[in-house]
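This report looks at how the parts of one protein chain are held against each other. Have the sequence and the structure in view while reading.

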Amino acid sequence: MAVAVDFKTYVDQACRAAENFVYIYYETIDNRRKALPGLYLDKATLIWKGNVVTGPEALANFFDVLPSSEFQVNMLDWQAVSEQTTQAQTTVLVVTSGTVKFDGNKQYFLNQNFRLMAQLTAQSSNNTVEDIASDYFYFQNWASSQRGQKATSFGPLVPVTQICVN
């Protein structure tokens with residue numbers, strides 16, 4: 001942030017940013033998919049069920065081939081990240097869980113984690129927009145718990161170096 005603000009104000013701003021972002025993101029993925037890459041930073045990384053997608057063109061191609069969707073967010077959590085740990089870059093972590101149907105078919109439970117970074121808008125140096133720096137999407141696997149096995153909410157295992165490197 002350009003101007004120092006007290007922590008409560010910072011947290012309130014992060015809360016509003018997270019709520020606004022979640023509404024915009026899921027409305028866009030369901031109804032205006034071609035606009036979705038515009039919500040990501042140029043160097044953003046998406047990990048979708050273990051598949052790594054990086055860069056605007058790759059993101060556009062990826063979202064182009066996804067079937068139509070109906071997302072329902074049931075839970076939203078967020079965390080304002082101290083600017084002392086992010087080199088003075090305003091950052092918010094957003095966690096959602098809910099359900100999705102692709103092409104109106106079977107409903108899947110999902111989790112999605114975003115790291116948002118504030119960027120100044122072209123219209124005004126006082127306005128910011130939160131862009132996605134990283135996005136991690138995975139289905140919850142409840143079927144295995146019904147067979148007496150341990151349930152997991154992870155997709156295919158991905159080496160930690162792939163998850164942590166942008």
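**Salt bridges**

The protein has three salt bridges, a salt bridge being a side-chain nitrogen of Lys or Arg within 4 Å of a carboxyl oxygen of Asp or Glu. The model is predicted, so local features need pLDDT of at least 70 and side-chain atom pairs count only at pLDDT 80 or more, while totals for chains, interfaces and linings use all residues. Residues are numbered from 1 along each chain as its sequence is written, and side-chain values use heavy atoms, with hydrogens and water left out.

| Aspartate 12 | Lysine 8 | 3.0 Å |

Aspartate 12 and lysine 8, in contrast, both lie in helix H1 (residues 7-31), four residues apart, which is about one turn of the helix.

The partners can also be described by their relative accessible area. A residue is buried under 20%, exposed over 50% and partly exposed in between, with a 1.4 Å probe and protein chains only. Lysine 8 is exposed at 56%, and lysine 34 is exposed at 68%.

**The whole chain**

The protein contains four helices and six strands. Read from the N terminus, their order is α-β-β-α-β-β-β-β-α-α. Of its 166 residues, 36% count as buried. The accessible surface is about 10,000 Å², and carbon and sulfur atoms account for 53% of this area; such areas come from the Shrake-Rupley method with a 1.4 Å probe, and for residues only the protein chains shown count as cover.

Contact means heavy atoms within 4.5 Å. Among contacts between residues at least 6 apart in sequence, 50% join residues at least 24 apart.

**The nonpolar core**

A nonpolar core is a set of buried Ala, Val, Leu, Ile, Met, Phe, Trp, Tyr and Cys residues joined through side-chain atoms within 4.5 Å. Which members of the largest core touch the most other members? They are Tyr25, Tyr40, Trp48, Phe63 and Phe71, out of 31 residues in this core. At least two core residues come from each of H1, E1, H2, strand E3 (69-81), strand E4 (91-102), strand E5 (107-120) and strand E6 (128-139). H1 gives the most, with eight residues.

Two residues show what such surroundings look like in detail. Apart from neighbours within four places in sequence, tyrosine 40 is in contact with Tyr25, Leu46, Leu59, Phe63, Ile132 and Asp135. Threonine 99 is placed in strand E4 and is buried, at 8% relative accessibility. Not counting residues up to four places away in sequence, threonine 99 touches Glu70, Phe71, Gln72, Asn74, Gln107, Tyr108, Phe109 and Leu110.

**Aromatic pairs**

How many aromatic pairs does a search of the whole structure find? The search finds 15. Rings of Phe, Tyr and Trp (its six-membered ring) pair if their centres lie within 6.5 Å; planes under 30 degrees apart count as stacked, over 60 as edge-to-face and the rest as tilted.

One of the pairs is phenylalanine 62 with phenylalanine 63, which is edge-to-face, with 5.5 Å centre to centre and 75 degrees between the planes. Phenylalanine 62 is buried at 16%, and phenylalanine 63 is buried at 1%.

Phenylalanine 71 and phenylalanine 137 form another edge-to-face pair, with centres 6.4 Å apart and planes at 80 degrees. This pair links distant parts of the chain, since phenylalanine 71 is in strand E3 and phenylalanine 137 in strand E6, 66 residues apart. Phenylalanine 71 is buried, with a relative accessible area of 11%, and phenylalanine 137 is buried with 0%.
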